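Colleague: Could you take one part of this model and walk me through it closely, with cut-offs as you go?

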Amino acid sequence: MLAANWKMNKTVSEAREFVNTFALAVKDITDAEIIIAPPFTSLMAVGEALRGTNIRLSAQNVFYEEKGAYTGEISPAMLKDAGCEYVIIGHSERRQYFLETDDIVNRKIKASLKHGLNIIFCIGETLEEREKGRTFDILKTQVTNGLKDTDSENLVVAYEPVWAIGTGRTATPAQAQEAHKFIREELRKLFGANADSIRILYGGSVTPENINSLMACPDVDGGLVGGASLKSDSFEKLVRFNRRIK
Ligand code: PEP
């Protein structure tokens, strides 16, 4: 799975232009699930442009309540109505700038699952936490609390070390594999053998230059990509990584 997280980038017309070019460029790809997560304002336009293509629509965030006086928020039902199949939950930028806790993340996951959305659940340690040797503790807490009372169906996990996001400093394949293997073991504690079919994506400064070595890791099942997904030719190179290995 290769998922594009556009964050707060692209107007509606820029988003439409990207998708028109990109969908044509990747229409032959059948062995990777391709996801685009535009800002809320472009969901409808991108969804329409993606109809009949091999690319799926994701939102970048959601609120856990069904409806009501929550100014500025969007519910899971609204995302479904806008054509989303996926939603990114718990991104480190939401945790850092919007003070999302594991409990909020857990509520968002449960509410979204109830409405049939697939979840891209993001976790990852900060640089300070890594340097203090707390990486595994943090990942364990985020997995255990974020996924409390949920099930493994419709779940994708994204390991995104915060120090690697948007910094150009990618985790080495060994660091990524070590974290993914640990996450897989934690998922097994929650979901038993079903954990083996949960895709674990790596995110954090993935580029066409480093994707092959990351994807060669046994527990890396895809990528969640910010910066390198904003240009059609660069995201195309990422989704074609496996053909470029051959
Ligand atoms: C992200 O924000 O999910 C991300 C991985 O960003 P970047 O690829 O720019 O590091």
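Modeller: Helix α7 crosses helix α8 in a right-handed sense (the near helix is turned clockwise from the far one by less than a right angle). These helices, DSSP runs of H or I with at least four residues, numbered from the N terminus, span residues 135–146 for α7 and 173–191 for α8. Their axes, lines fitted to C-alpha atoms over the stretch in contact, with angles from 0 to 180 degrees between N-to-C directions, come within 10 Å and cross at roughly 35°. On the α7 side, F136, L139, K140, V143 and T144 make the contact (heavy atoms within 4.5 Å). They meet E178, A179, F182, I183, E186, L187, K189 and L190 of α8. By class, that contact has 8 nonpolar, 1 polar and 4 charged residues (Ala, Val, Leu, Ile, Met, Phe, Trp, Tyr, Cys and Pro are nonpolar, Asp, Glu, Lys and Arg charged, the others, Gly among them, polar).

Please keep in mind that this is a predicted model: local features need pLDDT of at least 70, side-chain atom pairs count only at pLDDT 80 or more, and totals for chains, interfaces and linings use all residues. Residues are numbered from 1 along each chain as its sequence is written, and side-chain values use heavy atoms, leaving out hydrogens and water.

Conventions
Helix = DSSP H or I, 4+ residues; strand = E, 2+ residues; numbered from the N terminus.
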